[in-house]
Amino acid sequence: MPLSPPAPERIQLLLAQLERYGSRENGQLAVGRRLLQEHPDLPLTGFAISSSMCPEPGRPLHSLILRVGEHDTDGITAWARALGTEPVIDGARYRLDTILDGIGIWGSATIPEDAYDMDQAVFVPSGDDVSFTHRGLLATEFGEDGDLLFSGHPPVREVLAATSVYYRHTCGQRLRPLDGHALADSITRGWCRFVAYPTRTDWRIRRASEDTPGALPVTWMYAQDGHTQDIGDPVRCPACARPSRGLDYHSETGQRVHVCPSPACRHQWPVDDAPSPAAAEQHQEHAALAVR
């Protein structure tokens, strides 16, 4: 990838940006000005500054982050060598990590996926690669909805048990079926490849057929198809005083309500921070789609 040094007028804009956000007291501004003056031929699209309240031993308190382009690994290499070091290469990611005049200098770029040997990056995950293990079952979170990915095709009961453990001990919640939708129905099985891209720490999964080289059996648990109930502080039913963590929506008002778990009571009462009826309707629409 060719280097793209900033034009002279761009250098002035970068200096103005740094003067606007950088602090003269901690040295970031002076170091940024020095970098632009001594290396005007190196690629640079912008600066970012950072400070640490409790830096690791031997690490600087203040840092300057160089932005050279998401995939400009040649730019990171050029900056590293200009500052008397070499880039730290971790998989497809190149990192600049050095210190100049007491200021940390950081930067990173990643080889594009279409230019990286993805077959070479396929790996078999271990306990060090996933979020947690339960009775030998490897599991990790994926997405933003609390879904889980398990290695292999374990029995449904083992998937449900591990999911329950995760939600209880990691999230402090209890997972319950959503409007008659059994949690077991949220389990799907397939095959995929684990790919160490851009790094082994920040890996990805790629769906694959069973006969794809490197493909492994996996099981998905789509946990957003269930209710999550806080198990920290149960409330008590005002009618029978039984502890309750059950939640539902009132059939007429649409308001969020507590539900007494006692079959002889089943009293409902409003949740203090209940959402609006409109929000409840959206939730119920989602539940209906999930059941289908």
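The model is predicted.

**Stop 1: the whole chain**

Show the protein chain as a cartoon. It has 5 helices and 19 strands. Now show the surface. The protein chain exposes about 16300 Å². Carbon and sulfur atoms supply 49% of that area. How many of the 292 residues count as buried? The share is 39%. Residues 24 or more positions apart account for 56% of them.

**A rule to carry along**

Most residues other than glycine have a negative phi, and most peptide bonds are trans. The next stops show exceptions.

**Stop 2: D101**

Select β4 (93-100) and β5 (103-110). D101 lies in the loop between these two strands. Check its phi. The value for D101 is near 55 degrees, so it is positive in a residue other than glycine. Is D101 buried or exposed? It counts as exposed because its relative accessibility is 54%, and the cut-off is over 50%.

**Stop 3: R135**

Move on to β7 (132-134) and β8 (137-142). R135 sits in the loop between them. R135 is not a glycine, yet its phi is positive, about 55 degrees. R135 is exposed too, with a relative accessible area of 81%.

**Stop 4: Y197 and P198**

Finally, find β11 (187-195) and β12 (204-207). The loop between them holds P198. Select Y197 as well, and look at the bond joining the pair. Which form does the peptide bond from Y197 to P198 take, cis or trans? This bond is cis, with omega near 0 degrees.

Technical notes: Residues numbered from 1 in each chain as written. Predicted model: local features only at pLDDT ≥ 70, side-chain atom pairs only at ≥ 80, totals over all residues. Heavy atoms only, no water. Helix = DSSP H or I, 4+ residues; strand = E, 2+ residues; numbered from the N terminus. Buried < 20%, exposed > 50% of the residue type's maximum accessible area, 1.4 Å probe, protein only. Contact = heavy atoms within 4.5 Å. Areas by Shrake-Rupley, 256 points an atom, 1.4 Å probe, with all protein chains shown as cover.
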